[in-house]
Amino acid sequence: MNPPVRRLADWDAARLAGLADTHGTPLYVQDLDRVRENYARMAAAFPEGRVMYAAKANTAKTVLGTLSDAGAGIECASAGEVERALAAGCLPERVQYTAVNPPEADLDYAVSIADDHPELTITAGAEDTIDRLAERGFSGRLCLRVNPGVGAGHHEKVSTGANAKFGVPIERAPDLLDKADERFDVVGIHAHAGSGISGEDLAAHRELVSRMGELARRTDLDLEFVDVGGGFGVPYREGEEPLDLQAVARATREALGEVEATLAVEPGRYLVADAGVLLTRVNTVKPAGEELVVGVDAGMTTLARPAIYGAHHGIRSLAEGERETVEATVTGPICESGDVFGEYDLPAPERGDLLAVGNAGAYGYEMASQYNSRPRPATVVVDGENSGVDRRRETLADVTRLEREVTWS
Ligand code: LLP
């Protein structure tokens, strides 16, 4: 049984309450079985393809290890993500580092890893990056990221395909591929439309794939893969339909057309979002005029998506017993008026109630910060009957850990 979506109602309330009691709140809970199910669905939709997990969605070590064991490659956006992928046991031949305006230290690191593990692939999205790799003596596996001129996604801030920051213009790609071929082992081409693609955006994604297919046919190089990026959306609101992944996969293959190379996809959110919840406790219930304001111990520093993108995350009260349903504005502890999850119909909240925030497994912990000098929460993973801490809760000592007595000079 591998349902295409796991809703908040499907989580075992007693178990979540037990984890919150044991580990405190706010607490990220990630279910590895659900991660496996999501991966299995993706792998089944692209049976002859290559699934590269976009680590940026969730870098918990057990998540990386689980996906790697299941057969996924890992797409990394930084030296830190490569370091984490390797530390989690991912094989270097399945690790791809996507360099976006890479700082010197990232390139130094990636090239040094490639020296030891020539199977590592580095994706370059600018001529400068290609030159900088050559200057470092890199001659290994190179993938070229192109800007396909068509973007998509749940918010303008996550649409990448037509944003000139990413990739080289697709018209320049054939020339650059030939030039790169003189210095590197050119293994692939890559493009990513954006994140959270569903509904009408799927047409834009197909257009991207079709342009990538054309490019693959235009070049004389013997490419190993054509990577059409990630972006597979998941439903965040009640009643939203999940993607028909089989249909998306079919349309993707059709749009790509005849190519020798393997089709690669890079899902992040799809594999981990509904495998995670954020548990938070109510500490304040305050009538304010017409409104009922509910204060909880998680905020925009714990889950940044509502504040950054106006994103909606479902909330389920785990409080027991019959209560009247009321409309409540759920807010966090950060001193910013944007620190609001949103308005929800909830069983009349009381201090001490536990709330579960849904779809928190993707871009949740990853985007957490210490703003307002708040320690970041813990991540607990569950796997069948077992559970354990993957990332411990930060303490106040962690918050001040980097400070030094300044030695003036
Ligand atoms: N590949 C590349 C090159 C990417 O830049 C991304 C996401 C992905 C794959 C994975 O996209 P996904 O399948 O997860 O949609 N913080 C935002 C999402 C930013 C995504 C950035 N790139 C959010 O919380 O919605």
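Biologist: How close do the axes of helix 8 and helix 9 come, and at what angle do they cross?

Modeller: This is a predicted model. In it, the axes of helix 8 (residues 201-218) and helix 9 (residues 245-256) come within 7 Å, with a crossing angle of roughly 35°.

Biologist: Is that crossing left-handed or right-handed, and what makes it so?

Modeller: The crossing is right-handed, because that name is given when the near helix is turned clockwise from the far one by less than a right angle.

Biologist: Which residues of helix 8 and helix 9 meet, and how do you know that they are in contact?

Modeller: On the side of helix 8 they are Leu202, Arg206, Val209, Ser210, Met212 and Gly213; on the side of helix 9 they are Val248, Ala251, Thr252, Ala255 and Leu256. Residues count as in contact if their C-beta atoms, placed from the backbone, lie within 7 Å. By class, this contact has seven nonpolar, three polar and one charged residues.

Biologist: Which domains does the domain assignment give, and how far apart are their C-alpha centres?

Modeller: The assignment gives domain 1 (32-270) and domain 2 (274-399), and their C-alpha centres lie 31 Å apart. The contact takes 21 residues from domain 1 and 20 residues from domain 2.

Biologist: Which elements give two or more residues to the side of domain 1 that touches domain 2?

Modeller: They are helix 2 (32-45) and helix 3 (61-70). Helix 2 provides the largest share, five residues. By class, this side of domain 1 has six nonpolar, seven polar and eight charged residues.

Biologist: What does the UniProt annotation say about residues 33-273?

Modeller: The unreviewed UniProt entry annotates this range as "domain: Orn/DAP/Arg decarboxylase 2 N-terminal". Over residues 33-273 the chain is 41% helix and 17% strand, and the end C-alpha atoms are 13 Å apart.

Biologist: How many residues surround the ligand, and what makes a residue count as near it?

Modeller: The ligand is surrounded by 22 residues, the closest being Ala54, Ser195, Gly230, Gly268 and Tyr363. A residue qualifies if its C-beta atom, placed from the backbone, lies within 6 Å of the molecule. Helix 10 (269-272) and helix 11 (305-309) are the elements that give two or more residues to this shell.

Biologist: What is the make-up of the shell around the ligand by class, and which domains does the shell draw on?

Modeller: The shell has eight nonpolar, nine polar and five charged residues. It draws at least three residues from each of domain 1 and domain 2.

Terms used. Residues numbered from 1 in each chain as written. Predicted model: local features only at pLDDT ≥ 70, side-chain atom pairs only at ≥ 80, totals over all residues. Axes fitted to C-alpha atoms, helices over the stretch in contact; angles between N-to-C directions. Helix = DSSP H or I, 4+ residues; strand = E, 2+ residues; numbered from the N terminus. Contact = placed C-beta atoms within 7 Å. Nonpolar A, V, L, I, M, F, W, Y, C, P; charged D, E, K, R; others polar. Domains from an automatic or database assignment. UniProt positions renumbered as here; feature names shortened; annotations may be inferred.
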